[in-house]
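Me: I have a model open and want to go through it piece by piece. Can you take my questions as they come?
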Amino acid sequence: MHNWLLRNRNRLTAVTGALVLAAFAVKLASGEGPAVDGLLLAASLVGGLPIAVQAVQSLRVRVVSIDLLVAMAILGAFAIREFEESAVVAFLFLFGAYLEQKTLAKTRSAIKGLVEMAPEVALRMSEDGSFDEVPIDDVEVGETLLVKTGGKIPVDGTVVRGGGSANEASITGEPLPVAKDVGDKVFAGTILENGTIQLTAEKVGEDTTFGKIIELVEEAQDSKSQAERFIDRFSRYYTPAVLALTIIVWLATRNVEMAITILVLGCPGALVIGVPVSSVSGIGNGARNGILFKGSEVISRFGKVDTILFDKTGTLTYGNPQVARTLYYVQDHQLVEDLLVSVEKESSHPLAKAIVGAYPNAHQHPVKSTEVIQGGGVVASVACRKVLVGNAHLMDAKGVPLSSRARQDVDELEAAGNSLVLVAVDGQLALVVGIKDQVRAGVAEDLAALRKMGVKNLILLSGDNQGTVDLVSKELGLSEAHGSLLPEDKAEFVRERRTRGEVVAFVGDGINDSPSLALADIGIAMGNGTDVAIETSNVILMNSDFHRIPHALGLAKATRRNMVENIVIALVVVAVLLVSVFASTWMNMAIGMFVHEGSILVVILNAMRLLRY
Amino acid sequence: MVKKGTLQLETLACPTCMQKIEGAIKQVEGVDQESVKVLFNASKAKFTFDSSVTNLDEIANSVKSIGYDVLKASER
């Protein structure tokens, strides 16, 4: 019976509404009478019962809930034969709860989208070697699973047979599919776009990277900021206090009408829901944009940031050196490139990798002999030509003349922060290649946006030499730049700035910068969904997308503002209602309930604006 | 043996539901009082319990008895 009442709450709400409407229609048509009272009485009963049941159930677990206040108010109205008020209050309370549920679902939609990406079933190998579909919860570590083209990979594991390509956007944010062959790791929640694979399950359920991300976001949405914890404690005593106040007013005035009006007005609706609903919307918006905030406390702290420290390699720059400039001193470009690539293919030097990557179409000649000159480069014999690849010292040592133009070019490239590779063919300088770990495109604009949002200090911390660091700093217009720092030096720097009273955010790649990420007020990880990044930081940029930082900061500020707005709305409504009970003649419990439910919807709608930020 | 339990509940709409569900789970003997956590937005309850004293069904029923549907219960 109880459960039937609660399961059919929405239907009962509709019936209550219909009865109230019918009562008003009859009243308009033929005036007050027993028919009107009968309809209102029926509405009060239909609507009041589920509320009363919930009130009793919560009393059984020793909670004084809003349902109790409302149920008592309805009962009180019954006692003084105010059937109209009892019916309207019951209906508004139920209808308000229904609307709350609908609108709240919207604010949660972002996280729901993430959860829905979680795999539900898996094809598991049975003893006879065939594959059967089983629920994901039944899969255990060590079992062999099959994934077909277009299928969702159900667990974290290693490919043992077959191959294909997987779209790992749900974990790394990287939109391009990644090739998967025997021995490669695959991740739950990613999609096999091509091919068929068999894999051994290594991590299942909540232990998978995807499971951890979901758990993190879920916990984040419900983690409480200090303000929320205060409101929680407050509301735990507030509801019983309203009850006590009602009894005192009733004993003092013997005015049942006023007493039950206070009961209704005292319901702590908007205040309790206002702050959580803002943080849910804010965190949801972030999750949809590849920004994971670990909780509403993080959002409020992030909004106050005035100093942001950046790691250089991999954060402000791409983290892999690339050919930035090429200057030719001969006509036949193709020949030089072919010879250069042929030599560099044999080398394991980091710059060689950048060069080979820059000329994917070069034709490779067999290399006859190579001699490595320490601190200089390589002398090789390729296709009957003598090829020198190395720095300016090598050219000087081997008697290759550098024209004054070439010398000027070399100086300029070096001043711009390039590492240089010079190429000479048969004693003639042919090519100068400038290689640079390039600053990410658009970083300068992002930094300018951060400044505009009120971040005072943008500081670069790097293990690179001071010269390179200064160049990057000048290019981007940073406030300060410090080079030659070890991870512990960076952590010390973070601590120092914090003791100055600055609110410090640190942006790093999550692995070697863990100490700084953990020490900063806000650690922002350019994470590729790695465990370390997830654990040590407060904010995670899912696809290492630097451009998300201004959005993240703006969102944090907007969410903070939104929370304050909601608290103000809730407090003003309560104050106005309470004052008008004593000071006005028009206030009654039906109007009170209307305003009360209205204010709850207003704070939810206000929070929903964050979803579109 | 101490186990970790998770209940997936029907969509929670009012913050007092949290208090009620938390209270209901805490009343089951064998549940670690401090561990009970109701996630309002995820509509989940998480807790640890002693499987020699109680079991997942009993805990789920305590929640059902105050009128909330339990969609899925899991332990590990």
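Me: Where does B:Q27 sit?
Reply: B:Q27 is in the loop between α1 (15-26) and β2 (37-39) of chain B. Helices (H or I, at least four residues) and strands (E, at least two) are DSSP runs, numbered from the N terminus. The model is a predicted one, where local features need pLDDT of at least 70, side-chain atom pairs count only at pLDDT 80 or more, and totals for chains, interfaces and linings use all residues. Residues are numbered from 1 along each chain as its sequence is written, chains are lettered from A and ligands numbered from 1 in the order in which they are written, and side-chain values use heavy atoms, with hydrogens and water left out.

Me: Which residues is B:Q27 in contact with, leaving aside its neighbours within four places in sequence?
Reply: A:R60, A:V61 and A:R62. Contact means heavy atoms within 4.5 Å.

Me: Why does B:Q27 count as partly exposed?
Reply: Because its relative accessibility is 41%. Buried means under 20% relative accessible area, exposed over 50%, and partly exposed in between (1.4 Å probe, protein chains only).

Me: Zooming out, how many residues of chain A are in contact with chain B?
Reply: 30 residues of chain A, against 26 residues of chain B. The buried area is about 2600 Å², and carbon and sulfur atoms give 45% of that. Buried area here is the accessible area (1.4 Å probe) that two parts lose on being put together, summed over both. A:V61, A:R108 and A:D222 supply 23% of the area that chain A buries against chain B, more than any other three residues.

Me: How many salt bridges are there across the interface of chain A and chain B?
Reply: The rule finds two. A salt bridge is a side-chain nitrogen of Lys or Arg within 4 Å of a carboxyl oxygen of Asp or Glu. One pairing is between the side chains of B:K72 and A:D137, at 3.5 Å, N to O.

Me: Which element gives the most to the side of chain A that touches chain B?
Reply: α8(A), with five residues. By class, that side of chain A has eight nonpolar, eight polar and 14 charged residues. Ala, Val, Leu, Ile, Met, Phe, Trp, Tyr, Cys and Pro count as nonpolar, Asp, Glu, Lys and Arg as charged, and the others, Gly among them, as polar.

Me: Different topic. Why is strand β9 of chain A largely enclosed?
Reply: Five of the five residues of β9 (residues 307-311) are buried, so the rest of the structure largely encloses the strand. A:T307, A:L309 and A:D311 are on one side, A:I308 and A:F310 on the other.

Me: Which strands does β9(A) run parallel to?
Reply: β16 (residues 457-461) of chain A, joined by five bridges, and β18 (residues 504-508) of chain A, joined by four. Two strands pair if DSSP finds at least two bridges between them. A:D311 stands opposite A:L461 in β16(A), and A:F310 has A:V507 in β18(A) as its bridge partner.
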